[in-house]
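Dear colleague,

Please find the structure below, together with its sequence. My notes on it follow.

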Amino acid sequence: MKNNYKNYIQLPGIYIFLLKQVWRQRRFNNKYLQPKLDLYRSKNDGSLTEKDLKKITDYYALGVSGILGTSFCILRGYKIKLAERKAISYLGGISGLLDDLFDNTSKETRGLKDFILTPQEMKPDNDQEGLLLSLYTQGLKESCQPEKIQEEALDVFKAQQESLKQKDKSITNSELEKITLDKGGSSFLYYRACLENSADQNEKKLIYHLGGLMQLGNDIFDVYKDHQEKIHTLATRTIDIDVLRSYFTSELKRSFELAKACDYPSKNMEKFLKIISLGIARVYVCLDQFKVLQLKTDGEFSLEKYSRKELICDMQKPRNQLKAIQYYFEILENS
């Protein structure tokens, strides 16, 4: 991983590979997923919005299956199968809507637990729940280990329940660390269970930790939204970006250490970690932006003093994309 010349030479190939995976996933979505969404779009009772549907096809199904699922397959050494793609696309695609449903305080959490364990007995109250139920049951049917997926989904549910404590201002940083790790880690293990080959304990530890790291990265990018909604995260709590950066880096190093214990060919693990590193690198760009803000407010990061524009890190800007590439190389050099 520290071969600088090799890392530079291989980067274009990794980008092309990822672009191909996104293209393939879009083709899959158009052929298999979109018709299912169109059925609910045509009879929509108002509970589904275009934003909900777009969230499935253009975000969760696209990223979870096209990028994350493909990355898991790189580890094992053979391509994703059609049944696996269906399972992870349907089950991963509903992630955003499930989060919205969980955040709906008018719904009993017991009902969500029943949805996970006994979907065949559930009767949807509206078209949004009907779509969720349809994709969830179809995803389970396509999978080789539906019971395992339900087990992992239950862990996601438990992590979501614990995350409700983030509304309590008395929550400690150590509690926030555990909640962050559990939220991201349980979600990644849920997605991983959609593949037919089971993960051993070492891989599970790696996937779980990477999920937590990604969740921490998402919290950093969502600092403005979470602050407005009075949700406490490690990012909203920090008053020193250097401390947050140091913690993020230590968790990243821990991920690379866990990778060394996995029983996969080194070339598979190397490619997997390079793809993961591309996603992680953008977090450092965001942290740099926050550090500049901190220096403008007497050396203390204070969310109340910044505007939404100042706290939103736009990764579509060429300058930020170039910085992310620089950090990508730094991650590989220091791993």
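Rings of Phe, Tyr and Trp (its six-membered ring) are taken as a pair if their centres lie within 6.5 Å; planes under 30 degrees apart count as stacked, over 60 as edge-to-face and the rest as tilted. This is a predicted model, in which local features need pLDDT of at least 70 and side-chain atom pairs pLDDT 80 or more, while totals for chains, interfaces and linings use all residues. Residues are numbered from 1 along each chain as its sequence is written, and side-chain values use heavy atoms, with hydrogens and water left out.

Across the whole structure, 12 aromatic pairs are found. In one of them, the ring centres of Y8 and F329 are 4.0 Å apart and the planes stand at 35°, so the pair is tilted. Y8 belongs to helix 1 (residues 4-42) and F329 to helix 15, 321 residues apart; helices are DSSP runs (H or I, at least four residues), numbered from the N terminus. F329 is buried, at 8% relative accessible area, whereas Y8 is partly exposed at 48% (buried means under 20%, exposed over 50%, partly exposed in between, with a 1.4 Å probe and protein chains only). Ring pairs join Y8, Y328 and F329 into a cluster.

Helix 9 (residues 201-221) has 21 residues and spans 30 Å from first to last C-alpha, close to the 30 Å expected (1.5 Å times one less than its number of residues). Of its 21 residues, 15 are buried, which leaves helix 9 mostly covered.

With kind regards

Methods:
Helix = DSSP H or I, 4+ residues; strand = E, 2+ residues; numbered from the N terminus.
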